[in-house]
Amino acid sequence: MFPGSTWFFMNNMGFAQIRGQEKAIGFLKRMITHGRMSHAYLFYGPDGVGKKTTAEVLAQTVNCLRQEEDKLTAEACLECSACRRIKKQIHPDVKLYEPDGNFVKIEAIRTMQHEISYKPFEGRYKVFIIDQADKMTTAAANCLLKTLEEPPAHSLIILISAGIHNLLPTVVSRCQRLEFSPLPASIIEDVLAESCGLASADAHSLAFFAEGSLSAAYSFDQKVLLKEREAVLANLEKLGRSKEAFLTWAASLAKDKDKTKLERHLKWLLLWFRDLLLWQYGVTGKELAYQDQRERLAGGAGLYSIAELQEKISAIYQSHEAIIRRNANPRLALDVLFMQLMPGRQSGAGMK
Ligand SMILES: [Zn+2]
């Protein structure tokens, strides 16, 4: 539907439209209105939850032409020429740096350092957003450190990163850290239903599949995923009845050379067994990924004990790990896994 990082630009988004990050945004707004802005921020948290949008809205808020000169409010107008140009990434005082290939290189940081030494052309702040800052080379990070130690008064540097552990501790300690949370499935479901016109049951399932990342949800080929979900359900129907059907399923998945289809099937399968386990604990509402399949879930849950379901889930994780991370033979691993998933069998230790 929409490329991963551009869902933010579907609408004119201000802080109020960024969903699921009330804590981080509330903190930022208080800093803005109390005049206690930091010169460097580190926004960290999973991909696709609004970090980059928040950085851009912050850039709009500090450089909006309709803000009073000496007292900032926490709301950009989103309509003035500054707000519009920041959104289009053509404002002279707001720069976005992204990895060049696999890394954010020292040359990019040197360019930033050169530019940051000048006063803003027209805005209040020169804003530098470094996306995927954890991909900075050590040389780039050390170079950035010099600026973080003595930031010019008019500068605002925003580092965006999935985590903080791949960043130099000296860089992390000089930034105001703000953690972004995974989005609840209900928010992703609403947005998918509204913006992609998906039926609510489909949006619900895909929201769980996206694991809290809205940009992941947008990057899916939704039709393919929903078809695969149906295929997984159809194969599960045969569970316990036909070993052959399972082996055919394993054989067809094992043919998938880049293993992406295989990985998606495993994830649907994992969500199914997770749902069966939740069902056993009495969960029957919207916490289920297969919320629209209650009848099948009720039937499926009766086939296993709680301990068995825990074993099956762990077997799926282990097969995934063996096939994707450790290059185990997919056919062999899937044959073993599918036999383990049949009712009335012990999963054992799974693939090693
Ligand atoms: Zn404005």
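A residue is called buried here if 20 or more other C-beta atoms lie within 10 Å of its own, exposed if 12 or fewer, and partly exposed in between, with C-beta atoms placed from the backbone. Helices (H or I, at least four residues) and strands (E, at least two) are DSSP runs, numbered from the N terminus. Residues are numbered from 1 along each chain as its sequence is written. What stands above is a predicted model, so local features need pLDDT of at least 70 and side-chain atom pairs count only at pLDDT 80 or more, while totals for chains, interfaces and linings use all residues.

On to strand S4 (residues 155-161). Seven of its seven residues are buried, so S4 is largely enclosed by the rest of the structure. Ser155, Ile157, Leu159 and Ser161 point one way from the strand, Leu156, Ile158 and Ile160 point the other way, and all are buried. S4 has partners too, where two strands pair if DSSP finds at least two bridges between them. Strand S1 runs parallel to S4, joined to it by five bridges, and Phe43 stands opposite Ile160 of S4. S3 also pairs with S4 in the parallel sense, again over five bridges; here Phe128 has Ile157 of S4 as its bridge partner. S3, H5 and S4 together make a right-handed β-α-β unit, right-handed meaning that, with the strands pointing away from the viewer, the path from the first strand over the helix to the second runs clockwise.

Helix H4 (residues 106-116) comes next. Its buried residues are Ala108, Ile109 and Met112. They cover an arc of only 95° around the axis, which puts them on the same side of H4; the arc is that of the directions from the helix axis to the C-beta atoms. An α-helix has 3.6 residues a turn, so residues three or four places apart point the same way. Glu107 and His114, on the other side of H4, are exposed. The buried residues of H4 pack against strand S2 (94-97), strand S3 (126-130) and helix H5 (138-149).

A few loop residues deserve a look. Pro92 sits in the loop between helix H3 (81-87) and S2, and counts as exposed because it has 12 C-beta neighbours inside 10 Å. Beyond its neighbours within four places in sequence, Pro92 is in contact (C-beta atoms, placed from the backbone, within 7 Å) with Phe121 and Glu122. Pro92 and Glu122 are 30 residues apart in sequence, yet their C-alpha atoms are 8.0 Å apart. Most residues other than glycine have a negative phi. Glu211, in the loop between helix H8 (200-209) and H9, has a positive phi near 50°. Lys259, in the loop between helix H11 (243-254) and helix H12 (260-280), has a positive phi of about 65°. Glu211 counts as partly exposed, with 16 C-beta neighbours inside 10 Å, and Lys259 counts as partly exposed, also with 16.

As for the whole chain, an automatic or database domain assignment gives domain 1 (4-179) and domain 2 (221-341). Their C-alpha centres lie 41 Å apart. Mean pLDDT (the predictor's confidence in each residue, from 0 to 100) is 90, and 94% of residues reach 70 or more. pLDDT stays under 50 over residues 1-9 and over residues 346-352.

Key
Contact = placed C-beta atoms within 7 Å.
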